[in-house]
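Try each task before you read its solution.

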Amino acid sequence: MGRKETVVMYKNHTSCRACGFGQRLDYIKANEGEKLESVFNLGVQPLANAFKKEGDLIPGHYPLEVLRCPRCGLAQLSATVLPEVLYSNYSYFTSRSDTMFQHFDALIQDIRKTHIKGRVLEIGSNDGTFLQKLNQAGYLARGVDPAANMVMLAQRNNLECDEAMFTLDYANKLNALFDVIIARHVFCHVDNWVDFMRGIQTLMTSKSIALIEVPYVGNLVRKCEFDTIYHEHLSYLNIGAMQALLRRELLMLQLVSVKEYPVHGGAIVMKLKLVGEGVNEDESVKQMQAQDPTLEDWRYFSKKATEHIRDLRELVDRLRLQGKRVAGLGASAKATVWVNACKFTKKDIAFITDTTVKKWYCAIPGSDIPVIDEEALIRELPDYVIVFCWNYREEILKRFDRLAAQGMKFIFPVPQVQIV
């Protein structure tokens, strides 16, 4: 059976979800009003996590362009794909790597600095991996996630988890208070930030903390991590934009600190508290805001990303001409972005391996490159392997050191194309 596509299900995004810049376009001509600036464009691309088997319904292709707010600096996609398209049967599972578990331990240690025990709500709890860690650490953890398949997995492990989008309406219906609210890599997936923040503050007391973990846009721009730009990531957060958001009407939250973590190529955790006496930001906020990328930084990033795409494409072409066989490691969203940006087919990359069983025998979205189990590297012994999960570099090199000793070479595409 051939593949089929649904009708396009997205809306154009023209105003800043942090400070509101661009809203005047609603009632005056576009060329006379405030406009967000285009700083990067990958054209029309498939959804990065839409891994499907032959004959499955494919959820379409959508514009993948980054717009920047000239007022607060927030970068955001020009198109917002509807949540029901993105998350109805989500294929991203929380990593169970040593790197991720170490990160979870670090987060829990930081939570202990203010709350040794208590009630925790995780927004975007995925399959419940972090909920389990929290419960094991002595917290009473509850999750909420819009993906039915992820919630089912969490509930099978006897974890308390709701299938829902986190909104102010959901928070009001929950009618509960939490000591800690944590949203790991979900905030930048949200379209309506004001509603999201109002939901969080509804569930907090004066002693509560909210922790919002996101990839920091400064790392994305400086390290040219363009492969973290895909449709689920509606925004690429800078500190100036968060400050602008918290000044919006009806919000009563204060950003008090920012801490950097090495996970996912460079992430930050922003700690928020309800506005009140003695609640102030510390020096880390100003220090991080000083690193927010400028318009010139974005323009240089766009130039370098285009060069990196060309470099990987040309490297694979040269290897093919030499008769070398190339495979890939890590069927992540990053892989989808690279494959489609470089226009790779299975003639270029024979297969891409992954540890996620659900992805096996699917194709990389937008291509005919098959995803198979990681043992294929041992069975097939390709000459070169492109490591799309480059954010686990040291762990990957350690895991496959025997194959490297036998002559297999690994290509890391970020921060520049490099053969190891």
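**Exercise 1.** Find the bridge partner of Ile123 in β11.

Solution. Step one: go to Ile123; its bridge partner in β11 is Ala183. Step two: widen the view to the strands, which are DSSP runs of E, at least two residues long, numbered from the N terminus. β8 (residues 119–123) and β11 (residues 180–184) pair in the parallel sense over 4 bridges. Two strands count as paired if DSSP finds at least two bridges between them.

A note on the source: this is a predicted model, where local features need pLDDT of at least 70, side-chain atom pairs count only at pLDDT 80 or more, and totals for chains, interfaces and linings use all residues. Residues are numbered from 1 along each chain as its sequence is written, and side-chain values use heavy atoms, with hydrogens and water left out.

**Exercise 2.** Give the order of the 7 strands in the open sheet.

Solution. Step one: read across the sheet as β10-β9-β8-β11-β12-β15-β14, with mixed pairing. Step two: look at the edges. β10 (161–163) and β14 (253–261) each have a single partner strand, so one side of each is left without a neighbour in the sheet.

**Exercise 3.** Is helix α8 (residues 239–246) largely enclosed or open?

Solution. Step one: apply the cut-offs (buried is under 20% relative accessible area, exposed over 50%, partly exposed in between, with a 1.4 Å probe and protein chains only). Step two: count. In α8, 8 of the 8 residues are buried, so the helix is largely enclosed by the rest of the structure. Among them are Ile239, Met242 and Leu246. Helices here are H or I runs of at least four residues. Step three: find the cover. It includes α6 (193–202), β14, β15 (267–274) and α9 (283–289), where contact means heavy atoms within 4.5 Å.
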